[in-house]
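Reader: Please show me the sequence with its model, and let us then work through one part of the fold by question and answer.

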Amino acid sequence: MDIEQVKQRAGPREFSPKDDLPEKYRKAATRMIQFHANSEIMGAYLERPFIREAPSLDRKLAFSAKVQDEIGHGQLLYRAAESLGIKTRDEMLDELANGEGKFLNCFHYPMESWVETPMIAFFVDGAAMRRQATLKQSSWEPYAHAMDKVCFEEGFHVKHGEAILYELMTGSKKEQELTQEAFEEWWPRIIQFFGPTNDKSTHHDFSADVGLKTMTNDELRNAFLNAYVPKAKKYGLEIPDEPRIRENSDGTYEVVEDDLDWDEFFTIAKNDSPGSHEQIGKRRRTQEAVEWVRNSMDDWEAKSAGQTPQAAD
Ligand SMILES: [Fe+2]
Ligand SMILES: [Fe+2]
């Protein structure tokens, strides 16, 4: 198949490993899915310390289930990317550890306090849900298929984040103030989640033409604002003055994009902020710490010549 044929056939779940696809499609899909997989892993690293910090057993259980889900999403997505035949899962994990792998802007910032947890679990996961729901229609079938499970679990993550936000915003005055402060800090980053506006995005046109993406950054961002500005207000959060949010006559919302710090966004996109170095360093140290597990599994596989162990009776 050549690119023109790919463009003609492109549609939801149209292509799978049985198709002979041009390298240009396979590389674009790998880039997109690898970014997504890396983001799942790096988000989990940010949230993991809060399993310990959780103020009750219920919250602890919910947090550990969420973190486990996110690592599972990463695993599913590396497999979906691997099936394109460009990079192996191991190569992608090595790229993440050595700083070449790219991931979502929000996960380059440190998260230090419990009041910040709903900023990820409610707002960032809510934003992720917007995008991921559209990716169920992606043309790379293994990716779209992975989204069925991912979206199902994200629904739980958002509810978990919403429950924490509700608890904080109906708590003490101090809790409400600290949550508002955290919201003001995270809000611009959350809006930037969807990336720059369409005319600054270099990858969208091709990805849209071959059916990997179905909505533009702007469409997704506006859909997110329409849903989450009212939700933030409902829980008593005040929308910060900057970036300015415009309310249109039909009740929809738009952000004034020039109010956002795109220099910071693009520095982060290159893994070049102090937070990027910090987060990637954590991932690299963990990867090194468990190297003995991978090595012993490789040794076992080599010795057993591909035989699987017998199940115990
Ligand atoms: Fe996830
Ligand atoms: Fe999630």
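Reader: Which residues of α8 are buried?
Author: The model is predicted, so that local features need pLDDT of at least 70 and side-chain atom pairs count only at pLDDT 80 or more, while totals for chains, interfaces and linings use all residues. Residues are numbered from 1 along each chain as its sequence is written, and chains are lettered from A and ligands numbered from 1 in the order in which they are written. Helices are DSSP runs of H or I with at least four residues, strands are runs of E with at least two, and both are numbered from the N terminus. Taking as buried a residue with 20 or more other C-beta atoms, placed from the backbone, within 10 Å of its own, the buried residues of α8 are Thr 179, Ala 182, Phe 183, Trp 187, Arg 189, Ile 190, Ile 191 and Gln 192.

Reader: What covers the buried residues of α8?
Author: Contact here requires C-beta atoms, placed from the backbone, within 7 Å. The cover includes α6 (117-135), α7 (141-169), α10 (217-234), β2 (253-255) and α11 (262-269).

Reader: Where in α8 does a kink lie?
Author: The bend at a residue is the angle between axes fitted to the seven residues ending there and the seven starting there. In α8 a kink of about 40 degrees lies shortly before the proline Pro 188, at Trp 186.

Reader: How far apart are the end C-alpha atoms of α8?
Author: The expected span is 1.5 Å times one less than the number of residues. For the 20 residues of α8 (residues 173-192) this should give 28 Å, which agrees with the end C-alpha separation of 29 Å.

Definitions and conventions
Buried ≥ 20, exposed ≤ 12 C-beta atoms within 10 Å, placed from the backbone. Contact = placed C-beta atoms within 7 Å.
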